[in-house]
Amino acid sequence: MANVSIHDVRKSFGTVSIIKGVDIDIQDGEFVILVGPSGCGKSTLLRMIAGLEDITSGDIRIGPRVVNDVPPKDRDIAMVFQSYALYPHMTVAENMAFSLKLKGVPQAEQKKRVTEAANSLGLTPLLDRYPRQLSGGQRQRVAMGRAIVRDPQVFLFDEPLSNLDAKLRVQMRAEIKELHQRLKTTTIYVTHDQIEAMTMADKIVVMHDGVVEQIGAPLELYDRPANRFVAGFIGSPAMNFIDGRFGPGGFVLPSGAVLPLEVKPPVGLGSEITYGIRPEHLQIAPAGTPDSIPATVSVVEPTGSDTTLLVKAEGGSLTVVLRERCALKPGEAVALKPVPHHAHLFDEHGTRIATA
């Protein structure tokens, strides 16, 4: 196991800058997830850590050693890819042992490591099968087993669950997290799925357009997003945003209605600001209720455990999540009352400026 330090790392393809000065410190044994939309640079950064992409400038350290010019095979890392990349002509056991065979590890030690990894991943009954005889989840376990037998300092995962169906993704999320808790190996995991990030990570790195927007624990990012991008990306359904201005009574909507604020933002009266509120922090009240947002129900989505409402209000559509069942119908007029201490305010540049 080892720390991983990424200092002012940049990557350009010709004149196009992909990674624009990234700094991340990953502690020994941490499970860190790089998350962001497609094209944000997260997979490129992971490939640079692995040595599969050259670094334009900056330093990457694994433990005390700068690995910028160290070949991938000498970095003491193991990578699990989105595609399972298993050898079709080899059995599960042969696939898992192949990297050890290349390194000249004695056969007895190969068998010992494969057996231990297979036991931990529930692959023991499958060791004599070929990849074509396995399900998607089983193939992904084999890919993980192939990484585990190497006993690396760092595990790298590049969107390993993208090819699985929804139910299997949930199962594999839990298995990967449980595996990390057991092995305690430093892990860097890339995904575009913020639910994966929230449920699995010790620390999340949110990336956007080649830069790091925020680093923190999952609930820290959820409760205290640094800016509007992070607030809108972390959380499902996404945070609602309403543009308006700061007035004497609180947040003033374009219609003139006022929402109370528990914290006075550090901006002048009349300044344009954005009001952010998560769907679960909006309450339904009768139409005409003071200190509320007038709205009309557009879509009702019952899921059993809760109900999601899509409503039309001034400034666009908003999402409401109710933890109880409701009898509302499309077309009904309602009032939305935000829970004031859960409100977030963002300035004209998208930076969070106040939250209770």
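**Strands, helices and backbone of a predicted model**

User: In what sense do strand β16 and strand β19 pair, and over how many bridges?
Analyst: This is a predicted model. Strand β16 covers residues 293-302, and strand β19 covers residues 333-338. Within this pair, Thr296 stands opposite Ala333 in β19. The two strands pair in the antiparallel sense, over 4 bridges.

User: Which strands are the edge strands of the open sheet that has 5 strands?
Analyst: The order of this sheet is β15-β19-β16-β17-β18, with antiparallel pairing. From one strand to the next, the twist averages 45°. An edge strand here pairs on one side only, and this applies to β15 (282-286) and β18 (316-322).

User: Why is one side of β2 and of β5 left without a neighbour in the sheet?
Analyst: Strands of a sheet pair through backbone hydrogen bonds, either parallel or antiparallel. The open sheet of 4 strands is antiparallel and has the order β2-β1-β4-β5. β2 (16-26) and β5 (65-66) stand at its edges, so one side of each has no neighbour in the sheet, and each has a single partner strand.

User: What is the bridge partner of Ile62 in β5?
Analyst: Strand β4 comprises residues 57-62 and runs antiparallel to β5. The two strands are joined by 2 bridges. In β5, the partner of Ile62 is Arg65.

User: At about what angle to β1 does helix α1 run?
Analyst: Helix α1 is formed by residues 42-50. This helix lies across β1 (4-13), β2 and β4. Relative to β1, helix α1 runs at about 115°.

User: Against which helices do the buried residues of α2 pack?
Analyst: An α-helix has 3.6 residues a turn, so residues three or four places apart point the same way. In α2, the buried residues are Val92, Asn95, Met96, Ala97, Ser99 and Leu100. After α2 comes Gly104, with a positive phi near 80°. The buried residues of α2 pack against α3 (107-121) and α4 (136-148).

User: What is the relative accessible area of Asp209?
Analyst: Asp209 has a positive phi of about 55°, although this residue is not a glycine. Its place is in the loop between β9 (203-208) and β10 (211-216). Asp209 is partly exposed, and its relative accessible area is 48%.

User: Which residue does a cis peptide bond join to Ser236?
Analyst: At this bond, omega is about 0°.

User: What percentage of the residues of the chain count as buried?
Analyst: The chain has 8 helices and 21 strands, and its C-alpha atoms fill a box of roughly 75 × 45 × 35 Å. A residue counts as buried if its relative accessible area is under 20%. Of the 356 residues, the buried share is 47%.

User: How far apart do the centres of the positive and negative side chains lie?
Analyst: There are 38 positive and 40 negative side chains in the chain. The centres of the two sets are separated by 6 Å.

Conventions
Residues numbered from 1 in each chain as written. Predicted model: local features only at pLDDT ≥ 70, side-chain atom pairs only at ≥ 80, totals over all residues. Heavy atoms only, no water. Pairing = 2+ DSSP bridges. Axes fitted to C-alpha atoms, helices over the stretch in contact; angles between N-to-C directions. Buried < 20%, exposed > 50% of the residue type's maximum accessible area, 1.4 Å probe, protein only. Lys, Arg positive; Asp, Glu negative; His and termini not counted. Charge placed at Lys NZ, Arg CZ, Asp CG, Glu CD. Contact = heavy atoms within 4.5 Å.
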